[in-house]
Amino acid sequence: MSEENKDGLGDELKDSANEMANDAKKAAKEIKEEVQEAAEEVKEEVQEAAEEIKEEAKSTTDEMKEGWNSVTNSTENKKMLAGLLGIFLGGFGAHKFILGYNKEGFILLGILIVSFPLMCIIIGAFTMYIPILIGLIEGIIYLTKSDEEFYETYQANKKPWF
C-alpha cells in the first residue's frame, strides 16, 4: 500500500473512531437520562408508598383509640351488669363471678345453699338473708360509684368486699 492509502485509511479509521465515540457519548447521555427518569419515578413511588404507610398507621392508631374507648365502655357495662346482678341475684354471688371474684362468689352461694337445710331449725331463715343483703348493698354501691372509681376499686385493685 502506498503512503497515501495508509494516510487515507488512517483518517478514515480516525473518523470512524470519532463517530463511534460520539455515538457512545450520545448513547451514554440517553442512558443517563433514562436512568434519571427511572430514578425520579422510583422516588415518586417511594413517596407515595410512604404516604400510604403514614395514612395506614394513622388509621391503625385511630382504630386502637376506638378499641381503647370500647374497653373503657365495657368496664361501664361490667359495672352496670355487676350492680344489677348484685341487686337481683346477689344471694347467689352472681355479681362476684362477673367481676372475677370466684372465691367470694362461692362463699355467698355456699351460705345461701347451707341456709336452706338450716331452715328446719329456724337459723336458716336468718342466715339466708345475709348473702341477699350483701348482694343488695354491693349492687347499690357498684351502681353509685363513678366508672373510674369502680374500675380502680374492683377491677384494678381487686377489692373483693364492699
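In this predicted model, the buried residues of helix H3 are covered by elements that include helix H2 (94-99), helix H4 (123-127) and helix H5 (129-144). Those buried residues are Glu 104, Gly 105, Leu 108, Leu 112 and Ser 115. They lie on the same side of H3, because they cover an arc of only 115° around the axis. The other side of H3 carries Lys 103, Phe 106 and Pro 117, which are exposed.

The length of H3 was checked against its residue count. At 1.5 Å a residue, its 17 residues should span 24 Å. The end C-alpha atoms of H3 are 24 Å apart, so the two values agree.

The packing of H3 with H5 was examined next. The axes of the two helices come within 8 Å and cross at roughly 145°. From H3, Leu 108, Ile 111 and Leu 112 take part in the contact. From H5, the partners are Pro 131, Ile 132 and Ile 134. By class, the residues of this contact are six nonpolar, no polar and no charged.

Leu 112 belongs to H3, which runs over residues 102-118. Its relative accessibility is 5%, so Leu 112 counts as buried, the cut-off being under 20%. Beyond residues up to four places away in sequence, Leu 112 touches Gly 91, Phe 92, Met 128, Pro 131 and Ile 132. Pro 131 is 19 residues from Leu 112 in sequence, and their C-alpha atoms are 6.5 Å apart in space.

Methods:
Residues are numbered from 1 along each chain as its sequence is written. This is a predicted model: local features need pLDDT of at least 70, side-chain atom pairs count only at pLDDT 80 or more; totals for chains, interfaces and linings use all residues. Side-chain values use heavy atoms; hydrogens and water are left out. Helices (H or I, at least four residues) and strands (E, at least two) are DSSP runs, numbered from the N terminus. Buried means under 20% relative accessible area, exposed over 50%, partly exposed in between (1.4 Å probe, protein chains only). Contact means heavy atoms within 4.5 Å. The expected span of a helix is 1.5 Å times one less than its number of residues. The arc is that of the directions from the helix axis to the C-beta atoms. Axes are lines fitted to C-alpha atoms, for helices over the stretch in contact, and angles run from 0 to 180 degrees between N-to-C directions. Ala, Val, Leu, Ile, Met, Phe, Trp, Tyr, Cys and Pro count as nonpolar, Asp, Glu, Lys and Arg as charged, and the others, Gly among them, as polar.
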